[in-house]
Amino acid sequence: MVNKLLEVKGLKTYFHTFKGTVKAVDGISFSLNRGEILGIVGESGGGKSVAGFSIMKLIEEPGFIQAGEIIFQGEDINRKNEREMKDIRGKDIAMIFQDPMTSLNPLYTIYQQLEEVLKLHSKMGAKARRERCIELLNQVGIPQPADRLNSYPHQFSGGMRQRVIIAIALAAKPKLIIADEPTTALDVTIQAQILQLLKRLVQENNSSLILITHDLAVVSQMVDKIIVMYCGKILEQGKIDDIIYQPAHPYTSGLLNSIPRLRDQKKRLEQIPGIVPNMFQLPAGCNFAPRCRCFRDKCLVDQPEIATIEKEHGVACHFPLLEVGRI
Amino acid sequence: MTKLKIGVLSASVNAENKWSQFLQSEFYFNYKRNIAAIAGTILIILFLLMATVGPLLVPQNPYNLQEISILDAYKPPAWAEDGELRYLLGTDSQGRDILSSIVYGTRVSLFIGITGMLFSCIIGTVLGLVAGFFGGKIDSLIMRIADIQLSFPATLIALFIMSISGRGIVNLLIALTLVGWVIYARTVRGATLAEKKKEYIEAVKVIGLPNYKILFKHILPNVFTSTIVIATIQVGSFVLTEATLSFLGVGVPVTRPSLGLLVKNGYDVLFSGLWWASTFPGLFIMLLVFGINMLGDFMRDELNPRLK
């Protein structure tokens, strides 16, 4: 299909450590169309970030992409060498990190850091670059951008720095942006602003966005599709409405139930009991079974494969909350 | 045109800003209150003046045979009996003025100390950056060489190299560099390991910046502070090492004596009662190293966040 920007098939990223192999990403598949926003949700240690870094091919030792294809614009990223990847990074795929406080080099001005991407990935002259930088800062909503260009990161607040980082990510008009928990380190009041901004800019540039987060509430306002990851595997994937209103996996529904609601009269917030299992010793059956509120014997021995229950709505569960095949 | 003017103007304003920023910084604030640091700076400036314009002021070029006279040999310092005002600190066995010798010797000593420091700093920093950034085999290789080298005293290694390669300023610089790079490599490697895990390094990887640019543009400036401290103190230690080597007869050539060689020359006649020929050069070595170390200690305390 022409419209398909990214297709990940059976991606496995393993870390071979002294204590054993960690299957950080274990056979995930998904696809992303142009202009679409995909949310990857899950608890800490679920392999979300590793999935993001795998797409950039920035997995460092002892990690390796064990198997799978990452087809970006019709070409397999896994087969590309480091030099080809350097052209793709920043130009076609950009990334936004969690902590705006540490994502900018303290020793260079905002301008120098913004310009770097343009120097690398465009043939603009110095004057054009400067204008583009001002335009970018303007786009991300930094007032008086021309005056702010020569500021250093420490003169900016967290929210403004995250705006600058978004500007850097957008600089070369990438086709895909991977945002790894872009609002986690920010004030709640700023979070919404930044997310709105990100969404608007992605739509204006007709880019696609992969939003990695542990916050389902954040995702639900932003994205078109959701992937729920747990221990390196996809538990459920589908369109936003399917996931939010008809979660099929007990884990997804657990996550949804543990979002606090203001008007709820309940005394205690619901939670998913237990913690994420040790990645060195994953359970034999379904990874989530030990914490699942409706597990049965089969779940402890047999690992469920992902099955489609509706168009584009898939779930990896032996006993999904909705019957498989229901239309 | 106007744009150009504004550019020039803003550049000069920028420089002025930087200077006034420095005057308002904590570094300068503490510096003003640290007598040792100021004394060290004054000493260093005096020595630098001595090395640059000193030769114009002293009565003779002690290594120009036409300017010296054997008849003036073994003159004591000016204040002693038989002393001459012309030879303020006395003369040596060839009739060379000690003060003039010291001025010329300081030149050689400082040149060797600073150049040796620069070479080891550059080589050590680059190796440390590479080792820390790339890790793996290259890291192990560089660091094992460093470890082996650190298990011998620096002077011993330098002595060994010099006795193979023979006297000479170039040989001396090579020996000092081979001895001195280790400390930079280790420090810079450690700092690089810490720095490369920070998100802004990930962030520039993500925009596809080539490795050498990440290394030299983003990591190097952030690990440079520790290097400055080592570099300052190392100039002092190199002056000493050079003096030691020259004293032992394997350092600079006789034709261009450094302070260390002057001490040695004087030492030969020390027990005949000609104390000034070796005492004064020794005193100057002490003052020079003392000044450098005082400034270096202050910088170490200031620039090392762990000691704050």
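Student: In the hairpin of β9(A) and β10(A), which residue takes a positive phi?
Tutor: That residue is A:Cys231, with a phi near 50 degrees. The hairpin has 2 residues between the strands. Please bear in mind that this is a predicted model.

Student: How do the two strands pair, parallel or antiparallel?
Tutor: Strand β9 (residues 225-230) of chain A and β10(A) pair in the antiparallel sense, over 6 bridges. Within β10(A), A:Gln237 stands opposite A:Ile227.

Student: And which residue of β12(A) is the bridge partner of A:Gln237?
Tutor: The partner there is A:Gly314. Strand β12 (residues 313-315) of chain A pairs with β10(A) in the antiparallel sense, over 2 bridges.

Student: Why is β10(A) described as largely enclosed?
Tutor: Strand β10 (residues 233-239) of chain A has 7 residues and 6 of them are buried, so the rest of the structure largely encloses this strand.

Student: Turning to the core, which residues have the most contacts inside the largest nonpolar one?
Tutor: They are A:Ala167 and A:Ile210, in a core of 164 residues. Helix α5 (residues 98-134) of chain B gives the most to this core, with 15 residues. As a general point, nonpolar side chains tend to be buried together in soluble globular proteins.

Student: What is A:Ile210 in contact with, leaving aside its neighbours within four places in sequence?
Tutor: Its contacts are A:Leu32, A:Leu38, A:Ile40, A:Gly52, A:Leu176, A:Ile178 and A:Ala179.

Student: How many residues of chain A are in contact with chain B?
Tutor: There are 20 residues of chain A in contact with 14 residues of chain B. On the chain A side, the elements giving two or more residues are α2 (82-88), β6 (93-96) and α3 (110-121). The most come from α3(A), with 3 residues. By class, this side of chain A has 10 nonpolar, 4 polar and 6 charged residues.

Student: What about chain A overall: how many helices and strands?
Tutor: Chain A has 11 helices and 12 strands. Its radius of gyration is 21 Å, close to the 20 Å that the globule rule gives for 327 residues, so chain A is as compact as a globular protein of that length. The C-alpha trace spans about 65 × 50 × 45 Å along its principal axes, and buried residues make up 43% of the chain.

Student: Which element of chain A has the lowest mean pLDDT?
Tutor: Strand β11 (residues 307-310) does, at 80, whereas strand β3 (residues 37-41) has the highest, at 91. Chain A averages 85, and 97% of the residues score at least 70.

Methods: Residues are numbered from 1 along each chain as its sequence is written. Chains are lettered from A and ligands numbered from 1 in the order in which they are written. Two residues are in contact if their C-beta atoms, placed from the backbone, lie within 7 Å. Helices (H or I, at least four residues) and strands (E, at least two) are DSSP runs, numbered from the N terminus. Ala, Val, Leu, Ile, Met, Phe, Trp, Tyr, Cys and Pro count as nonpolar, Asp, Glu, Lys and Arg as charged, and the others, Gly among them, as polar. pLDDT is the predictor's confidence in each residue, from 0 to 100. A nonpolar core is a set of buried Ala, Val, Leu, Ile, Met, Phe, Trp, Tyr and Cys residues joined through C-beta atoms within 7 Å. A residue is buried if 20 or more other C-beta atoms lie within 10 Å of its own, exposed if 12 or fewer, and partly exposed in between; C-beta atoms are placed from the backbone. Two strands pair if DSSP finds at least two bridges between them. The radius of gyration is taken over C-alpha atoms; the globule rule is 2.2 Å times the number of residues to the power 0.38.
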